[in-house]
Amino acid sequence: MVRALEWVDESKTLRLIDQTQLPGTETYLDVDTVEVLVDAIQSLAVRGAPALGAVGALGVVVAINQGSREGWSADRLALEVDRVRRARPTAVNLAWGVDQVWPFADQGVAAVLRRALEIVAEDEAANRRLSVLGADWILQRTGRQKVRVVTHCNTGALATTAWGTAYGIIHELYERGALEMVYADETRPLLQGARLTSWELVQDGIPHLIEADGAASSTILRGLVDVAIIGADRIAADGDSANKVGSVALALAAKYAGIPFVVAAPSSTVDLDTATGADIEIELRDDVEVLTYGGVRTAPVEAKGFNPAFDVTPHDLISAIVTEFGVVEPDRTPEPRLLAKIVG
Ligand code: MRU
């Protein structure tokens, strides 16, 4: 299984597979400065909420080591750590990862690194557990022996520390012989589905078809899939869930068609401090991403773009939120009891 990130102790660097180059080229970035790390996060060389959680935690180690080399003051170190924490706004995991390890900074870099590596291991364990729970729930709810799935964006090993979330459920279904077909949305404008999810599905030998994002709701309404499964970047206290832009179209179509819409994420993605989806900051990216295709300008030179990177699916469109601690059914369960079950 490919790893999106790895701590290399000998060189004291954070090694990232450069996801902007996939699937064409497998290149790696060895990160030992905050500047390079922030650039890697913002350019999506490393991406996906759980991966960003681990990168946030290991990023504190990078900052402390750079600070020691360059003689930073405590204030400067705090500022640089905050730069990492704020490099992207929507996935709560990034800030969560930083906040998990920063309190250990007083005890020295070894203590910070120890907690960061625990986070890496915990994420994989959470993904494997939620995949079992999610697959059980889907097979029970659909009543089918084999399911056809639609998914959006990339939620596999590349988006996490290992195994994946929504992708992990798909993989689990496949290993149980309970998966017929995956429709993988290409995920405009940066093609995380066509480039990354497909790359992982090919490696895992999982049957799939890439479709344009605009095809997804029709795929659902035509009865070609039994369930939609996506990941999340932030799940608010009421169950509203932010994920890659385009996700809410799947949720609306799934509700209309009467098929389950499943959100899968580790508990680190649940943000009880954010009351509802309306409070989630949606990253607005450079409009050049939608005005061009493969680096070539496709829109008129006079045109301007609108490029929100995420959208929010209201909780009443969500059939199940799955974390490592359990499954809740936001469209059925009264809100106050909702999240206690899935945050541990
Ligand atoms: O902009 P990205 O590629 O970081 O967006 C990623 C997603 O929206 C994923 O679906 C989400 O982070 C869940 S990853 C397990």
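Colleague: Which residues does E80 touch, not counting residues up to four places away in sequence?

Modeller: V34 and W72, once residues up to four places away in sequence are left out. A touch is a contact, that is, heavy atoms within 4.5 Å. This is a predicted model, where local features need pLDDT of at least 70 and side-chain atom pairs count only at pLDDT 80 or more, while totals for chains, interfaces and linings use all residues. Residues are numbered from 1 along each chain as its sequence is written, and side-chain values use heavy atoms, with hydrogens and water left out.

Colleague: What makes E80 count as buried?

Modeller: Its relative accessibility is 9%. Buried means under 20% relative accessible area, exposed means over 50%, and partly exposed lies in between (1.4 Å probe, protein chains only). E80 therefore counts as buried. E80 sits in helix α3. Helices (H or I, at least four residues) and strands (E, at least two) are DSSP runs, numbered from the N terminus.

Colleague: And what makes A194 count as partly exposed?

Modeller: Its relative accessibility is 25%, so A194 counts as partly exposed. A194 belongs to helix α7. Beyond residues up to four places away in sequence, A194 touches D185, E186 and I210. A194 and L209 are 15 residues apart in sequence, and their C-alpha atoms are 9.4 Å apart in space.

Colleague: Why is α1 called roughly parallel to α3?

Modeller: The axes of α1 and α3 cross at roughly 15° and come within 9 Å. That makes α1 roughly parallel to α3. Axes are lines fitted to C-alpha atoms, for helices over the stretch in contact, and angles run from 0 to 180 degrees between N-to-C directions. Under 35 degrees counts as roughly parallel, over 145 as roughly antiparallel, 65 to 115 as roughly perpendicular, and the rest as oblique. On the α1 side, V34, E35, L37, V38 and I41 meet E80, R83 and V84 of α3.

Colleague: Why are α2 and α5 called roughly antiparallel?

Modeller: These helices pack at an angle of about 165°, with axes 9 Å apart. They are therefore roughly antiparallel to each other. The α2 residues in this packing include P50, A54, L58 and V61; the α5 residues include V109, L113, L117 and D123.

Colleague: What is the handedness of the crossing of α2 and α5?

Modeller: Left-handed. The crossing of α1 and α3 is left-handed too. Left-handed means that the near helix is turned anticlockwise from the far one by less than a right angle; clockwise is right-handed.

Colleague: How many bridges join β2 to β3?

Modeller: Four, and the two strands run antiparallel. R15 faces D30 in β3. Helix α2 packs on that sheet and touches β1, β2 and β3; its direction makes about 25° with that of β1. The sheet itself is open, with three strands in the order β1-β2-β3.

Colleague: How many residues has the largest nonpolar core?

Modeller: It has 39. Such a core is a set of buried Ala, Val, Leu, Ile, Met, Phe, Trp, Tyr and Cys residues joined through side-chain atoms within 4.5 Å. L5, L14, L16, I41, V46, V55 and L58 have the most contacts inside it. Helix α2 gives the largest share, twelve residues. A second, separate core has 26 residues, including L133, A166, A184 and V227.

Colleague: How do you know that helix α6 is mostly covered?

Modeller: Eight of its ten residues are buried. They are A166, Y167, G168, I169, I170, H171, E172 and L173. Their cover includes α5, β4, β5, α7, β7 and β10. After α6 comes G177, with a positive phi near 75°.

Terms used. Pairing = 2+ DSSP bridges.
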